[in-house]
Amino acid sequence: MKLFEVYPINNVTITKARGSYVWDDQGEQYLDLYGGHAVISIGHNHPHWVTRIEDQLEKIAFYSNSIKIPLQQELAEKLGKISGKADYQLFLCNSGAEANENAFKLASFHNGRKKIIAFSKSFHGRTSLAVAATDNKNLVAPVNETENVIFLPFNDEDALAECFKENGNEISSVIIEGIQGVGGINVADDSFLRKIRSLCDEYGAVYLADCVLCGYGRTGKFFSHDFAGVNADIYSMAKGMGNGFPVAGIIVAPHIKPKHFMLGTTFGGNHLACAAALAVLEIIEKEKLMGNAVMIGKYLREELSAIPELKNVRGRGLMIGMEFAQGPELTPRPDLVKAILHEAFERKLLLLSCGTYGQVVRFIPPLNTTDEEVETAIGVISKSLEAAGA
Ligand SMILES: Cc1ncc(COP(=O)(O)O)c(C=O)c1O
């Protein structure tokens, strides 16, 4: 049997990983500032994470949600404490798309409405409603098309207010990434998030914070939406949550009440997934990784901004993008980005592109990336820019 080829593959086989480094099958070492797509939050194969999973594996790996699983409660308590949302309720699932899918569904159960507001350049996943609320027509199959999603320009408060004025009583939820990842590291304005909060309150809609990529401490706050100083009703989370073990979830504000069977999953919240997720939170707390994300992120941004060719460096904490565009029209330069990534790869640095045209280089490394690793990366980036003709 062959694989169903949906991914453009990099020509490398990684066989070992530790901290911010990975090694290929030839023994070559790479610095991973791509973080396995923002999944590696506490560093590859952190010893505590390995031990926690191994210990759990010895006891029991899986049983269904038909029994008591105290690890789930332990995880909820730890998550409530670290995120500052102790009064929220945790529902566990398996992926970011599934988390958002459940968030939409729950919002709709809650207020009995159907319409969702999403924003330009958004990415919320590849399943039915998640992909319908994703601003990329290429990902949406005919069966996913729906009239229930309204797209508005990102960070446009007037357009949002106008939309609520016209359709307010039909809006079930508003979904937004605190920092758009796939869309190009675009930071949601704090005032825009506050506007979402106040309009949702006024019209009885549910504010959904997609924290799948920008959450879990990556920006220095547990949820990047927290910078706005207002709470969302539901936060979705996934990538950094298990450091590579598949686990995801939503946390739900106390005024939204559960009913048996309104949500459900076979695998979500299994013993092994909870052990992995607990190990991640324990390390984030013990090693003060949110503080590190702020410090190292600032250092990385400053160093990048000091490179004369780099003008548009943006982001928060360890979610940083640098955009390449030219001329008064700011024409995107995806070819240049491709060349830079290739040169960086040749110099053993892993990075990723994003943005509508692939015109942005993004940094989404482990939260325990060090000063020395940033220094190494900056050296490689300077050389790669030169070699790519930037
Ligand atoms: C903001 C955001 N939401 C949702 C998803 C979907 O997550 P998953 O791939 O785990 O389904 C992603 C994945 O990249 C994402 O970046």
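In the predicted model, the residues of the shell around the ligand divide into six nonpolar, six polar and two charged. The shell holds 14 residues. Ser95, Gly96, Ala97, Gly125 and Val212 are the closest to the ligand. Helix α4, spanning residues 96-111, supplies three shell residues, the largest share.

The largest nonpolar core comprises 116 residues. Within this core, the most contacts are made by Val174, Leu208, Ile234, Ala277 and Val280. Helix α8, residues 271-286, contributes twelve core residues, the largest share. At least three core residues come from domain 1 (14-45 + 288-388), and at least three from domain 2 (47-286).

Neighbours within four places in sequence are left aside here. Beyond them, Ile234 is in contact with Ala103, Leu106 and Ala107, among others. The contacts of Ile234 also include Val206 and Leu208. Ile250, Val252 and Ala253 complete the list.

Ala76 lies in helix α3, which runs over residues 70-83. Ala76 has 20 other C-beta atoms within 10 Å and is therefore buried; the cut-off for a buried residue is 20 or more. Gln26 lies 50 residues from Ala76 in sequence. In space, the two are 42 Å apart, C-alpha to C-alpha.

Note on methods. Residues are numbered from 1 along each chain as its sequence is written. This is a predicted model: local features need pLDDT of at least 70, side-chain atom pairs count only at pLDDT 80 or more; totals for chains, interfaces and linings use all residues. A nonpolar core is a set of buried Ala, Val, Leu, Ile, Met, Phe, Trp, Tyr and Cys residues joined through C-beta atoms within 7 Å. A residue is buried if 20 or more other C-beta atoms lie within 10 Å of its own, exposed if 12 or fewer, and partly exposed in between; C-beta atoms are placed from the backbone. Helices (H or I, at least four residues) and strands (E, at least two) are DSSP runs, numbered from the N terminus. Domain bounds come from an automatic or database domain assignment. Two residues are in contact if their C-beta atoms, placed from the backbone, lie within 7 Å. A residue is near a molecule or strand if its C-beta atom, placed from the backbone, lies within 6 Å of it. Ala, Val, Leu, Ile, Met, Phe, Trp, Tyr, Cys and Pro count as nonpolar, Asp, Glu, Lys and Arg as charged, and the others, Gly among them, as polar.
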